[in-house]
Amino acid sequence: MPDMIQGFDPFPLASEPLRHPPPTCAAVLGAGAWGTALASALQRGGIPTWLWARRPEIAEAIHNRNHHPNCLPGIDLPSGLGATHDLAHALHGAQLVILAVPSAATRDTARKAARLMTPGTVVLTASKGIEQSSGALMTRVLDEELGKAMLTGSIGGPSFADEVASGKSTLLTLAMPALTRNHAQYRDAQRVAGSLQQQLARAGVTLELTPDVIGAQVGGALKNMIAIACGMATAQGMGENARAGIITRGLDDMRRLTQAMGGRVETLLGCSGVGDLFLTAASEHSRNTRLGMRLGRPGATALDVTGELAEGAVSVMSVQILEREFGLRLNVAAAVRDVLQQRIPVEQALQRLLHDNAAGVMTPAVRTPRPRSLKPGIGRGGEATRPVTQPWSLSYA
């Protein structure tokens, strides 16, 4: 089997035999738009799936009428998709579990689910946030609550829920630490990833694979903050140049936090980094962009902003724990935080973000000094005489 971590793995056509047996049953916990879309993709991909909803009326509408009463209007959900408000029922027999609840609810949901899952279950988080009390990424929350008996990871990328639920082409990142070649569970992770690639390809979802859960999750969390700032700039009439500048500042924030936490910068060049950022920050379809636009309206204050949850508003506060831990100042997060906490007006926060040469932005690379040019001496017969020793040398560790 080709190394799936290097680039993209080719997918078999639906008529070809499966290289990896699919999970016999999956469960998605959280029946918001994103959880419902992921459950629909799994079901369409041939994996029998149960969706857990906190509210019985939502579970009933999905289970019996194949539609969500609040989210995804006009979209017919796949027949056979089960829905229940009984957590034990949803998890019974599930080999794959995806938590698609808000970051603030991930720990409590994982703790309750831990008692109902068997060892060896694959558990992924689809939340793009940072825990408010600890600054933990969601995979760390899963590991702390589930222990080492489960195979954990994250799934995310540039995706609007309605398009995923409709079967439109989507590229996502599946990140699992066990996809590292020397990991004790590498073969298990490879089998799981291969199976999910096969099945989700049938539902229009292409999976990019990486072992770097840090880079994948930092990209997913910080892009929400950047989208809020871009929304504020749009509402202020600042123009496309300003939005591009905000994205540039935000990418540098992503780079520095990813490196500080031990992740890989190259992960940010994939769909969970720049892909997700460009989609979220460029469209009013994004909840975080819409939040920023409400904040940026003339005369608006943070107290006026109500309505749908935007993860970026939570993460912009919780990321302060990581900033203190690693001695960083994340410039976009600081600007959005200043506005949400009513420290300074939107216009001043954005001008400071774009025009202040804040410490940490565009840290220059360290360059190795060039060796002095050597002019060969002229020996007998006009031959050049080489120096016995060079003023520089290469060292191989």
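So, which residues of α4 are buried? They are Ser103, Thr106, Arg107, Thr109, Ala110 and Ala113. By buried I mean under 20% relative accessible area, with exposed being over 50% and partly exposed in between (1.4 Å probe, protein chains only).

Quick housekeeping before I carry on. This is a predicted model, where local features need pLDDT of at least 70, side-chain atom pairs count only at pLDDT 80 or more, and totals for chains, interfaces and linings use all residues. Residues are numbered from 1 along each chain as its sequence is written, and side-chain values use heavy atoms, leaving out hydrogens and water.

Back to α4. The buried residues of this helix pack against β1 (26-29), β2 (49-52), α3 (87-91), β4 (96-99), α5 (138-146) and α12 (311-326). Contact here means heavy atoms within 4.5 Å. Helix α4 covers residues 103-114, twelve residues, and at 1.5 Å a residue it should span 16 Å; its end C-alpha atoms are 17 Å apart, which agrees. That expected span is 1.5 Å times one less than the number of residues.

Zooming out, the chain has 14 helices and ten strands. Those are DSSP runs numbered from the N terminus: H or I with at least four residues for helices, E with at least two for strands. The chain has 397 residues, and 52% of them count as buried. Take the contacts between residues at least 6 apart in sequence: 71% join residues at least 24 apart.

Now, serine 154. It sits in strand β6 (residues 151-156), and it counts as buried because its relative accessibility is 7%. Leaving aside neighbours within four places in sequence, serine 154 is in contact with Leu124, Thr125, Thr139, Thr173, Leu174, Ala175, Ala216 and Gln217.

What about lysine 128? You'll find lysine 128 in the loop between β5 (122-125) and α5, and at 16% relative accessibility it counts as buried too. Its contacts, not counting residues up to four places away in sequence, include Gly156, Gly157, Lys223, Asp276 and Glu311. Between lysine 128 and serine 154 there are 26 residues in sequence and 9.2 Å in space, C-alpha to C-alpha.

The largest pocket comes to about 1200 Å³. It is lined by 44 residues, and Gly32, Ala33, Trp34, Gly35 and Arg287 lie nearest its centre. For the definitions: on a 1 Å grid over the protein atoms alone, a cavity is a set of points where a 1.4 Å probe fits but cannot get out, while a pocket is an open set with protein on both sides within 12 Å along at least five of seven lines, and lining residues have an atom within 4 Å of a point. Points are joined across faces, edges and corners, and a volume is the space filled by probe spheres set on them.
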